[in-house]
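Let us walk through this structure one piece at a time. Keep the sequence and the 3D view side by side as you read.

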Amino acid sequence: MTVVIEAEKLTKYYGKARGIIDVSFQVNEGELFGFIGPNGAGKSTTIRLFLGLIYPTSGKARIFGQDAIRNGPQLRQDIGYLPSEVFYYEGMKVIDLLKYSASFYKKDCTKRIYELADYMELELNRRIEDLSYGNKKKVGIVQGLLHSPRLLFLDEPTSGLDPLMQRKFFDLIRRENAQGVTVFFSSHILSEVQRLCNRVGIIREGRIVEIADIRTLQQNNYKKIRVYADGVEPNAFQLPGVTNIEKANNSIHFFYKGDINLIMRKLSEFNLMDITIEEPTLEEIFMHYYE
Amino acid sequence: MSTTIFAYEFRTRLRSVVTWALALAVLIAVYTALFPSFAEEAELMKQLLANFPPELLAAFGMTDLDLTTVMGFFSLVFLFVQVGLAVQAAHYGFDLVSVEEREMTADFLLTKPVTRTQILTAKLAAALAGLALTQAVMWGASFGFVNLFREGRPYEPEVMALILAGLIPFQLFFLMVGVVVSLLVRRVRSVTFYALALALGMYLLSAFSDITGDVKLENLTPFKHFDATYVVQHGGYDLSLVAISVVVIILATIGSYRLYRRRDIPTAA
């Protein structure tokens with residue numbers, strides 16, 4: 001498998017303020033990689049380093065096997081970017097902005113501009129300053145995809161899109177991905193990452209805390225166990241691998257990670273009325289990392 | 001250089017260029033139109049000015065000025081033109097790259113497959129083209145209106161050409177200092193404020209050094225390096241002063257490229 005994005009101990013300080021610290025990960029060709037973290041965790045910093053908008057304090061950033069800083073300008077022929085906040089030259093018409101954008105690339109993008117605009121229901125003859133935020137976002141989507149990039153950086157891309165457009169957008173991203181486009185998708189909304197991505201990296205306070213398949217994260221890591229029984233105290237489940245114990249009325253729920261037989265033996269000691277064992281949602285896994 | 005960026009930048013600035021050029025051409029027309037009455041009342045004029053406090057005359061660069069000659073009068077008009085052109089060039093300089101961060105369009109432009117050097121070069125070239133256009137209008141207006149209103153009184157076209165040629169380094173100074181300062185600060189909130197501060201500051205420095213006779217201060221300001229009155233009196237520039245402007249321009253240019261190539265672009269909003 002070809003590695004498309006590679007961070008190696010990537011570190012960025014803004015003066016003394018922390019950006020990201022020792023971030024390392026790889027994204028393979030054709031992957032839909034989710035990058036999750038709360039605001040201020042370093043998601044945008046990571047993306048902006050790969051795009052050459054900011055420069056690393058130390059560490060390496062590679063794209064298509066080449067140094068993303070030194071060869072950035074050439075590499076960006078094949079990179080599309082959709083920022084979370086879109087701003088364009090206000091006085092321009094949509095079509096002129098898209099043509100200006102297209103003029104930077106070596107290929108003819110005209111046909112694709114019209115296809116994408118048609119698909120996203122974007123009016124091309126309006127002025128940017130007259131557009132609503134959602135419509136500006138559509139300009140951003142077309143703008144980021146018009147040169148048929150092989151790699152896409154999406155930085156919290158769904159804000160401002162209504163649910164219908166969000167779905168269209170996700171379909172579009174899936175379609176691009178099916179044609180081999182690698183996607184790096186940053187978000188703090190877990191459900192959308194869960195819907196779209198195969199693999200996720202979780203970042204917290206500038207450091208990567210986990211990189212895993214979504215399925216692995218959900219299936220192998222944690223079980224959400226809820227037991228209903230009379231007279232059971234939370235202390236009874238204080239054993240290795242149990243976290244987040246909470247008691248509500250006559251039930252106790254907790255996360256369990258480890259040998260499933262151990263917990264089953266423990267549970268058999270009680271006279272249970274009911275039990276549910278679920279895979280946690282990404283949301284819950286995520287919260288777990290942030291406690 | 002990117003012709004795409006050049007074309008966009010030039011078109012965006014064109015309206016401002018035309019406005020500045022026309023406004024200053026009108027200024028030249030209005031002032032030179034006053035010249036015949038000054039010349040006719042030459043003696044009266046001299047008596048009147050003699051009663052002015054010398055500090056006031058110095059502030060307007062009129063100490064060694066003979067307003068009754070074409071070239072003397074033109075030097076005074078040219079000072080006003082210079083103030084305008086300084087503000088214009090400083091405005092373009094402070095705005096050149098800071099506009100992308102202020103209006104948050106840097107993310108758009110800088111993620112395109114172009115180097116920072118190409119972006120800065122294209123932007124500078126477009127600004128220079130705008131300034132060249134303005135200066136061409138200044139040449140036309142100066143020669144045109146002076147000839148229209150001098151009523152056969154003698155003037156020195158070579159000296160006037162020399163004065164006008166000085167506008168190239170004069171505006172370059174304000175443009176490049178504007179660019180480098182905009183890259184030294186974190187954020188340029190008001191381009192107009194910075195541009196007026198630089199241009200008027202330099203003008204006042206020149207006027208102030210005339211009043212106090214302080215030699216050190218005047219070395220800093222292009223209003224002294226490219227003083228029309230001096231050119232009229234000496235038939236040429238004080239090249240040691242011109243050299244200061246040239247050095248500043250070169251240093252500011254090198255500094256601008258260095259800073260822009262390594263600049264971290266702040267996140268929008």
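From the N terminus on, the elements of chain B run α-α-α-α-α-α-α-α-α-α-α-α-α-α. That makes 14 helices and zero strands. The model is a predicted one, and every value below is computed from it.

How does the radius of gyration of chain B fit a compact globule of 269 residues? Such a globule would have a value near 18 Å. Chain B has 20 Å, which agrees. Its C-alpha trace spans about 65 × 40 × 30 Å along the principal axes. Of the 269 residues in chain B, 41% are buried. Now take the contacts in chain B between residues at least 6 apart in sequence: 81% of them join residues at least 24 apart.

Turn to chain A. Here there are 10 helices and 14 strands. Taken along the principal axes, the C-alpha atoms of chain A fill a box of roughly 70 × 40 × 35 Å. Buried residues account for 38% of its 291 residues. Among contacts in chain A between residues at least 6 apart in sequence, 71% link residues at least 24 apart.

Domain 1 covers 3-217, and domain 2 covers 222-289. The centres of the two domains, taken over C-alpha atoms, are separated by 39 Å. A pair of residues gives another distance to check on screen. Glu176(A) and Pro240(A) are 64 residues apart in sequence. In space they are 44 Å apart, C-alpha to C-alpha.

Next, find the open sheet in chain A. Four strands form it, in the order β2-β1-β4-β5, and the pairing is antiparallel. Which strands sit at the edges? They are β2 (17-28) and β5 (66-67) of chain A, each of which pairs on one side only. Strands of a sheet pair through backbone hydrogen bonds, either parallel or antiparallel. At one end of the order, strand β4(A), residues 58-63, pairs with β5(A) in the antiparallel sense over two bridges. Look there for Arg62(A), which stands opposite Asp67(A) in β5(A).

Helix α1(A) spans residues 43-50. Is this helix mostly covered or mostly open? Mostly covered: eight of its eight residues are buried. The buried residues include Lys43(A) and Arg48(A). An α-helix has 3.6 residues a turn, so residues three or four places apart point the same way. After α1(A) comes Gly52(A), whose phi is positive, near 75°.

Start from β7(A), residues 151-155. Five of its five residues are buried. In a regular strand the side chains alternate between the two faces of the sheet. Both faces of β7(A) are covered. Leu151(A), Phe153(A) and Asp155(A) lie on one side, Leu152(A) and Leu154(A) on the other, and all are buried.

What are the partners of β7(A)? Strand β6(A), residues 79-82, runs parallel to β7(A) and is joined to it by four bridges. In that pairing Ile79(A) stands opposite Leu151(A). Strand β8(A), residues 182-187, also runs parallel to β7(A), through five bridges. There the bridge partner of Leu151(A) is Thr182(A).

Together, β7(A), helix α6(A) (residues 163-178) and β8(A) make a right-handed β-α-β unit. Glu176(A) has its place in helix α6(A). Why does Glu176(A) count as partly exposed? It has 19 C-beta neighbours inside 10 Å, and a residue is buried only if 20 or more lie within that distance. Leaving aside neighbours within four places in sequence, Glu176(A) is in contact with Leu152(A) and Val181(A).

Finally, bring the two chains together. How many residues of each chain are in contact? The count is 20 residues of chain A and 19 residues of chain B. On the chain A side, the residues divide into 13 nonpolar, five polar and two charged.

Technical notes: Residues numbered from 1 in each chain as written. Chains lettered and ligands numbered in written order. Predicted model: local features only at pLDDT ≥ 70, side-chain atom pairs only at ≥ 80, totals over all residues. Pairing = 2+ DSSP bridges. Domains from an automatic or database assignment. Rg over C-alpha atoms; globule rule 2.2 N^0.38 Å. Buried ≥ 20, exposed ≤ 12 C-beta atoms within 10 Å, placed from the backbone. Contact = placed C-beta atoms within 7 Å. Right-handed = clockwise from strand over helix to strand, strands pointing away. Nonpolar A, V, L, I, M, F, W, Y, C, P; charged D, E, K, R; others polar.
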